[in-house]
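Open the model in your viewer and keep the selection panel at hand. The stops below follow one another.

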Amino acid sequence: MDYFLYPGCSLEAGGSHYLASVEAVADALGLNLIEIEDWNCCGASLHYIGGTELQTKALNARNLAMAQKQGGHDIIAPCSSCYIQMIQMAHEFEEEPELAAEMNEILAEADLSYSGGLKVRHVLDVLFNDVGLDEIKEKVVNPLNGLKVASYYGCQTTRPYGEYDSVESPHTMDDILEALGAEVVPFDKGTKCCGSGIFFTEMENCAPLVGAILGAATDGGAEVISTACPMCQMNLEIYQSRVNKMLHTEYDMPIVFVTQLMALAFGKDFKQSALDRNIVSPKSVLQPSA
Amino acid sequence: MATKAYDKSFREEVYDKVDAGEEIKLCMQCGVCGITCPLRDEMTYGPRQIWSLIRAGKRDEVMNCSDIMLCTSCYTCKVRCPRGVKVIDVMHGLAHYALQEGIVPRENTSKFGKFFWNSIYKTGRIDETEVPMRYSMRRGPIHGIFETLEMMDIGRALLSHKRMHFKLGPGIPPSKKIKGIKGLKKMLDKAEAMSPGKEA
Amino acid sequence: MDKNYACYLCKGCGLGEALDFEALEEALEDSDISEVKDHEALCSPEGVALIQADIDGGVNAVLIGACSARVKTDEFTFGKEVLVERVPLREQGLWCSEAEYEDEEEAGEDRQMLADDYLRMHAAKLGKAEIGEPFQLEEDVEKGVMVVGGGVAGINAALAAAKAGAPVCLVEKEDALGGYLGKMAKLGPQSPPYQELQDTGLEELVAEVEAADNIKVFTGATVEKTEGAPGNFSVTLSNGESFRAGAIVQATGWNPYEAEKLADELAYGTSDKIVSNVQFEEKAKAGDLGGINGVAFIQCAGSRDENHLPYCSAVCCLVSLKQAMYVKEANPEAAVYVIYKDIRTPGQSEEVYRQAQELGVVFIRRGEDYPAISGSGPFAIETQDVTLNDTVEIEDLDMVVLATGMVPNNPSVVEPPLVALGMDQDEAAKLAEEAKAASDDWSVLNLEYRQGPNLPTLKYGYPDSHFICFPYETRRTGIYAAGAVRRPMRVTQATEDATGAALKAMQSTRAAEAGVAVHPRSGDDTFPDFFMQRCTQCKRCTEECPFGAINEDAEANPLPNPTRCRRCGVCMGACPERIISFTDYSVDMIGSMIKSIEVPDEDEEKPRVIVLACENDALPAIDLAAKNGAKWSPYVRFIPLRCLGSLNLVWIADALASGIDGILLFGCKRGDDYQCHFIKGSELANVRMSKISETLDRLVLESDRVRVEEIGFGEVDKIPGILDEFMETMEEVGPNPYKGF
């Protein structure tokens with residue numbers, strides 16, 4: 001099955017292991033990912049400081065227009081921030097004809113146009129609804145054998161549209177993890193915010209948010225936290241040592257992408273699953289024998 | 001208890017010039033936004049009360065309040081608002097408007113966000129190495145070196161885990177541009193001109 | 001009637017295993033019932049066929065020992081010619097009792113005695129019951145409906161009744177139809193997407209009335225006199241016209257709460273620019289809203305305020321939203337403020353609130369205190385702003401609108417306290433005089449009723465009704481209230497209300513024709529029969545009837561009006577001479593049930609307690625508690641009453657004299673928020689009981705032996721606790737000393 005892939009800036013850098021694992025999973029499941037040509041940044045969560053709302057919409061309209069030039073496949077945006085920016089534009093384009101006309105007026109500056117109709121999908125959406133749990137189970141050759149996982153969705157994975165899962169109590173990642181043979185531990189911070197785009201610049205204020213998430217996962221007995229958002233992964237992982245220092249804690253919690261766990265369960269090796277790129281290494285819990 | 005008269009000029013300014021500003025008309029002051037905000041404890045007013053202040057015409061209180069740039073964009077308020085007010089969009093709109101008016105609600109985020117947007121405008125993408133580097137240098141090279149050193153462990157870790165491109169310093173080497181950068185710039189200029197409060 | 005009895009006992013639902021059926025048969029030895037049959041499942045087609053075959057063979061009085069009379073009613077109804085008495089062996093015998101009870105000589109003996117008693121009790125009742133004929137008016141039953149009040153509710157009631165085929169006489173005191181609808185400029189948004197003001201639609205409504213050939217309109221007229229009863233009211237109007245009506249809809253609407261009373265709080269009267277919402281509407285209608293650049297609406301002006309109207313009129317918020325839209329429509333730039341305590345816009349009205357916000361109306365939430373208005377135009381307002389936790393000022397207001405509430409256009413009737421009943425005649429008369437003086441001295445219907453010319457009201461002048469179950473009802477059968485006279489409401493609600501009341505009115509003429517009761521005993525074809533030779537003209541029945549059904553002649557003889565009667569039996573309970581009875585419910589019948597309980601000797605230490613229980617709420621709750629698995633003492637026997645208000649004190653005397661140790665009375669919640677289906681039955685029983693402790697003292701009996709409890713249908717869980725606790729009390733006070741006399 002063919003999909004457009006919108007990697008986004010993060011997956012080119014700090015979230016490179018997300019992209020690698022998404023590709024590994026796609027390979028195992030026979031999904032054909034076609035990268036949108038010459039895509040641009042979606043604006044992510046700090047767009048508003050330098051740009052206006054309309055400018056951010058224009059960024060996303062351009063990506064939709066670029067995709068449409070290549071065909072009519074659904075677009076997978078693995079990064080949650082990219083996903084909501086893009087899906088918001090896609091929705092508003094369908095619902096607000098005036099805005100749609102404005103967008104085409106703007107797109108015309110770059111000799112582009114967009115006629116609507118493209119669907120923007122999150123990775124979890126495609127995995128849960130297009131692939132399905134049965135097929136995922138079938139593909140598992142290396143079950144996770146009761147690995148204790150805290151399923152952390154964060155914010156923008158499901159909010160605000162709740163397109164494919166509940167905004168208040170999502171379950172798709174839990175189900176996928178269970179299909180891989182993992183044990184999803186009780187975890188009440190699954191949809192709480194990590195600080196997102198302002199974590200880096202507001203660390204004093206946001207460290208307690210990350211601390212609470214790590215704490216709840218630890219209390220629930222999790223060995224790893226699974227996520228599907230590069231921003232969450234980054235805030236929880238690369239700043240973990242900082243947070244420990246600030247809050248006087250000693251968390252040592254690997255933060256992995258759900259796609260990394262899938263790749264591993266589907267028989268890819270540690271490196272193919274890009275698990276070697278995790279800074280808080282999940283090696284000891286994922287490869288106890290190694 | 002300062003008694004101050006209701007003044008309609010500021011609310012009209014917000015309706016006209018702030019992105020999504022008209023959304024606040026629909027607020028019924030239930031307070032769900034404030035109570036669900038992850039950073040509620042760090043805020044002076046929170047979204048609900050900011051809307052009240054706008055309606056009352058308290059321009060200084062709102063524009064100089066750092067709350068408007070403390071939004072993490074978690075979307076909880078937007079999802080739970082019974083009136084469907086796009087709380088986040090208004091907060092973003094207010095932050096943008098304050099900066100435009102020369103007010104800096106949160107210094108670090110404002111600076112970082114500016115580099116962030118510049119990267120988009122100049123190259124079409126965010127360079128995750130370039131932007132933090134420029135941000136570190138915001139107070140000059142000396143301060144920048146210290147701040148870079150402070151973040152060095154993280155940078156090194158990212159580099160060694162293939163999650164960051166190597167750079168000697170800002171612009172060395174320069175960030176890659178998308179092919180259609182010219183067209184994108186034209187689009188962004190056009191969009192800016194069409195934005196509320198910016199129409200010629 | 002000549003009765004040919006048979007008894008059928010069911011062995012289903014575990015009864016067969018739990019009870020000794022030979023013993024049950026023996027329990028009926030002293031009765032007239034000799035034919036006793038049992039069946040594995042009496043409600044099965046075979047079981048029903050067994051009974052039907054006997055009925056076909058001549059049986060006409062059937063005692064069914066199975067489940068509660070509240071279930072399987074279709075199966076166990078055998079037509080008008082057959083008396084059926086149900087014995088609730090399952091619910092009140094089997095389910096609520098333990099297979100073995102404390103200190104039993106023989107396991108299960110208490111449960112068996114319980115079942116035996118129930119069989120005897122109901123056999124005794126069946127023995128006294130008769131089949132009667134439904135009541136018929138001497139005159140032809142009139143099917144026409146009189147509607148009083150020609151506003152939105154009245155017009156719609158008239159149209160609804162007329163469309164359903166009833167001739168209608170519509171009486172309006174003004175010279176034209178319309179009421180307050182005619183004084184409105186516009187209606188608020190009434191249909192999706194609830195954004196546009198709408199025309200009132202009055203002209204169309206009036207045209208529809210005029211086009212209807214079965215509606216007769218009397219304008220400029222009021223009702224001088226209404227006599228008679230449902231199916232046969234005679235009405236005389238102030239213009240001399242008279243006609244018959246089968247039923248009446250009172251849709252007399254509302255009056256605005258007088259803004260003059262707000263002079264101190266809200267400066268009303270200091271300027272003609274400080275107006276009530278009604279005055280503002282008049283200005284809007286006159287096209288007089290030009291030049292407003294600033295206006296503030298003050299909500300709850302004299303509403304939800306102990307010093308004014310304590311209640312919420314439920315319309316003022318919407319009215320202000322509508323009026324704010326008038327201002328914004330005339331001048332979009334105008335600064336419009338609504339200063340409120342709570343915005344109350346239920347249902348789709350929320351969309352109107354939203355629309356007003358979209359238009360830029362600013363809402364300021366005040367606390368309990370009224371805003372302070374200053375100036376003589378333009379005005380300034382200083383008010384608390386709860387959402388800012390600050391005091392704020394609003395200046396440059398060209399107008400201030402006080403959103404005042406609604407008062408029913410109906411005379412307020414204060415009833416004498418019930419304790420007056422049975423008091424010394426002079427004292428009671430004094431209380432009645434006081435109540436009369438506190439009541440309004442005008443009338444809408446001028447009813448020729450013993451209990452007065454007006455509908456009894458609740459404390460704010462709204463006609464009294466069982467608000468939840470029977471909203472349109474008043475305490476005068478066949479007379480229904482609709483629209484804002486019933487409770488504060490807006491145009492759309494009054495329109496719906498009118499239809500409901502009109503259909504209820506038509507139903508009541510049908511009931512009068514069939515000789516059956518209206519709600520809550522719908523379809524009951526029995527009615528109270530007065531054995532007049534023994535009447536002492538004590539007036540208790542005429543005074544206590546909650547529905548004013550009984551008139552009096554000059555000698556104080558009661559003159560019953562069975563079509564006004566709801567069949568609650570309150571008169572039967574009130575009558576000291578016990579001359580009032582129904583064919584299937586009488587003082588003697590319940591007394592016989594009590595007397596047929598076998599009371600063990602004192603040394604057996606098996607006390608007996610009877611519970612006289614209201615069959616509307618308490619009895620279903622008891623059945624449900626038993627169904628839910630609650631258990632209680634097997635010494636308790638329940639006796640259903642139509643209403644606790646039908647309680648006759650002689651039953652208490654009978655019970656105590658026959659050695660019953662304790663008596664519980666289960667009635668509905670009483671007081672301001674009463675739940676009694678018959679308004680004051682529960683209250684009356686309580687008043688009667690308050691007088692009984694004296695009697696008990698005289699008999700050297702502890703007053704603890706008799707207790708009244710309020711049981712709501714929802715209070716199923718309370719029942720076992722109440723019974724357990726009462727049994728403990730019985731243990732403390734010891735056996736009834738009259739046992740064995």
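Predicted model: local features only at pLDDT ≥ 70, side-chain atom pairs only at ≥ 80, totals over all residues.

## Where two chains meet

Select the contact residues: 55 in chain B meet 49 in chain A. You get 23 nonpolar, 18 polar and 14 charged residues.

## The cores

Next, select M86(A), V145(C), A157(C), A158(C), A161(C) and V249(C). These residues have the most contacts inside the largest nonpolar core, which has 278 residues. In soluble globular proteins, nonpolar side chains tend to be buried together.

Zoom in on M86(A). Leaving aside residues up to four places away in sequence, M86(A) touches Y6(A), C42(A), N60(A), N63(A), I75(A), A77(A) and V120(A). Another core, of 107 residues, lies apart from the largest one; F582(C), M593(C), Y635(C) and F666(C) are among its members.

## Chain C by domain

The assignment gives domain 1 (1-132), domain 2 (145-253 + 444-514), domain 3 (260-406), domain 4 (529-580) and domain 5 (585-741). Domain 2 is written as two segments, 145-253 and 444-514.

## One strand in detail

Select residues 5-10 of chain C. This is strand β1, and 6 of its 6 residues are buried. In a regular strand the side chains alternate between the two faces of the sheet. What sits on each face of β1(C)? Y5(C), C7(C) and L9(C) are on one side, with A6(C), Y8(C) and C10(C) on the other. Both faces are covered.

Strand β3 (residues 61-65) of chain C runs parallel to β1(C), joined by 5 bridges. Look for Y5(C), whose bridge partner in β3(C) is A61(C). Strand β2 (residues 36-39) of chain C is also parallel to β1(C), with 4 bridges. Here C10(C) has H39(C) as its bridge partner.

## Last stop: confidence

Colour chain C by pLDDT. The average is 94, and 99% of the residues score at least 70. For the model, ipTM is 0.92 and pTM is 0.87.

Key:
Residues numbered from 1 in each chain as written. Chains lettered and ligands numbered in written order. Domains from an automatic or database assignment. Buried ≥ 20, exposed ≤ 12 C-beta atoms within 10 Å, placed from the backbone. Helix = DSSP H or I, 4+ residues; strand = E, 2+ residues; numbered from the N terminus. Pairing = 2+ DSSP bridges. Core = buried A, V, L, I, M, F, W, Y, C linked by C-beta atoms within 7 Å. Contact = placed C-beta atoms within 7 Å. Nonpolar A, V, L, I, M, F, W, Y, C, P; charged D, E, K, R; others polar. pLDDT = per-residue confidence, 0-100.
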